[in-house]
Amino acid sequence: MASEESWKGKYLQELESADQREIQWGRERNVLERMLLRTCVASEGQNPELDELLARIRADIKKNQIDVNAWLDLQEQLDRQIALLDQLPPAAVTSPRRESGGAPGDDRDLEDDGQRLRIARRVGELLGQLLNQVSLEADAETQARTLQRMLLASENWDELREGLNQVAELVITAVSRSQREFEAFLKRLDERLELLRDNFSSQYSAQSGRIDATEHLDREIRDKLERVGRDIQASADLGQLKHSVSQHLESIGQAVGNYRIQETEREQALSEQLAAMQEKIAAMEAHSEQMQAQIRRERQRAMTDLLTQLPNREAWQERLSFEFNRWQRYRHPLIIGVIDIDLFKRINDAYGHKAGDRVLQLVAKELKERLRNTDFIARFGGEEFVVLLPETTAEDASKVMDKLRNHIRNLPFHFRGEPVTVTFSAGLAEFTAGDSEETVFERADRALYQAKDAGRDRVCVESGDQ
């Protein structure tokens, strides 16, 4: 019975692992869908036909009715529309963001090019978020990284157009791969469970055979003893009685011997089956551990910003909810900070995106190393970071942030042999009665803009009274 409970436990563990994998796949799909929705919104306004195709994509996502084959056909239509769009004169391209009233042709060309570049840059950013959340095969990930760099840096619209086409292919590849992996896992799990079922069936049959053999032996012995009793009562000759009793005892001994032989054979068969089952269980446990380790790695990757190696926005939301719930219970001081690198676009424009990436990496490293272990910092997006400072008052948080700001400003940044001063602005807000996660964050964000408006390179604190 204990053995049966153990097998049931193994079943439940495997089923739980399958559930976890399904949850992970669902998260990856959700990231892909969000990316597609944002890309569709960013790409609207080029022409009515393209807008209609983008609307179909959004409708499929919202209805959760995604047919990969239909989307491949949709992708071909999108390719044709983008190709046609590139061939149209500027006046034929409509845009909801364009001012009415006859701008010169050159201005419209520049506006169209600028809009296309903005779309490409935004898709590049979304592609980076996708790669932080979803695992691809090595070749596909290399292709995606190259594509992301091109979308963020290229000024050639032909290259950008081809890159935008490749984004759709990568999204379909990621969705298909996740689904194939999950289906393969379920198939392997089903095969192993089927083997266990067969072994349980064999054990049940063996146990039933043992019970039948025991009952047969019991009936045979009872029958022999009854015959001995009848012979004793009916016999008048002592010699004949002794001979009859001896025969019956010999028959009983043979029956017991046969039973022991059969039991030995059954025990041997069961021992072999048990050894086979133990090997299968060991293989299942090893596979389960591998899957759990993979899930942990995937979760860690999904919660980490690839460029800075800080927790990402999803990890921030999880930690914020945890700290908020703890603040509600104990009401100990808790501060939210929003940090933004000043004039970051100038660094990208003047020295290139690699220089901008290096700035983000160094600033992230310094911020993380100079905060406490109990503090939490994450990359919120672009050049913006967010921090949580538990057990810290607004006054103390302002002093901590000022020290960090002065330290960053004095770091020896050099690009192309030129010294460059990097500064940041920060907004802080303390949780107060009646606050939610959103209201405190909004106040911290408002304080950040106050710091920016006041000249940058400073820290502002937003009180709960404003």
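Contact here means heavy atoms within 4.5 Å, and helices (H or I, at least four residues) and strands (E, at least two) are DSSP runs numbered from the N terminus. This is a predicted model, where local features need pLDDT of at least 70 and side-chain atom pairs count only at pLDDT 80 or more, while totals for chains, interfaces and linings use all residues. Residues are numbered from 1 along each chain as its sequence is written, and side-chain values use heavy atoms, leaving out hydrogens and water.

**View 1. Helix α9 and its surroundings.** The buried residues of α9 (344-351) pack against β1 (334-341), α10 (353-370), β4 (413-415) and β5 (418-420). They are F344, I347, N348 and Y351 (buried is under 20% relative accessible area, exposed over 50%, partly exposed in between; 1.4 Å probe, protein chains only). Over on the other side of α9, K345, R346 and D349 are exposed.

**View 2. Where α9 meets α10.** Just after α9 comes G352, with a positive phi of about 100 degrees. The α9 and α10 axes come within 6 Å and cross at roughly 140 degrees (axes are lines fitted to C-alpha atoms, for helices over the stretch in contact; angles run from 0 to 180 degrees between N-to-C directions). On the α9 side, F344, I347, N348 and Y351 make the contact; on α10, it's H353, A355, G356, V359 and L360.

**View 3. F324 and F431.** These two rings form a tilted aromatic pair, 5.8 Å centre to centre with 40 degrees between the planes (rings of Phe, Tyr and Trp, its six-membered ring, pair if their centres lie within 6.5 Å; planes under 30 degrees apart are stacked, over 60 edge-to-face, the rest tilted). F324 is buried at 9% relative accessible area, and F431 is buried at 4%.
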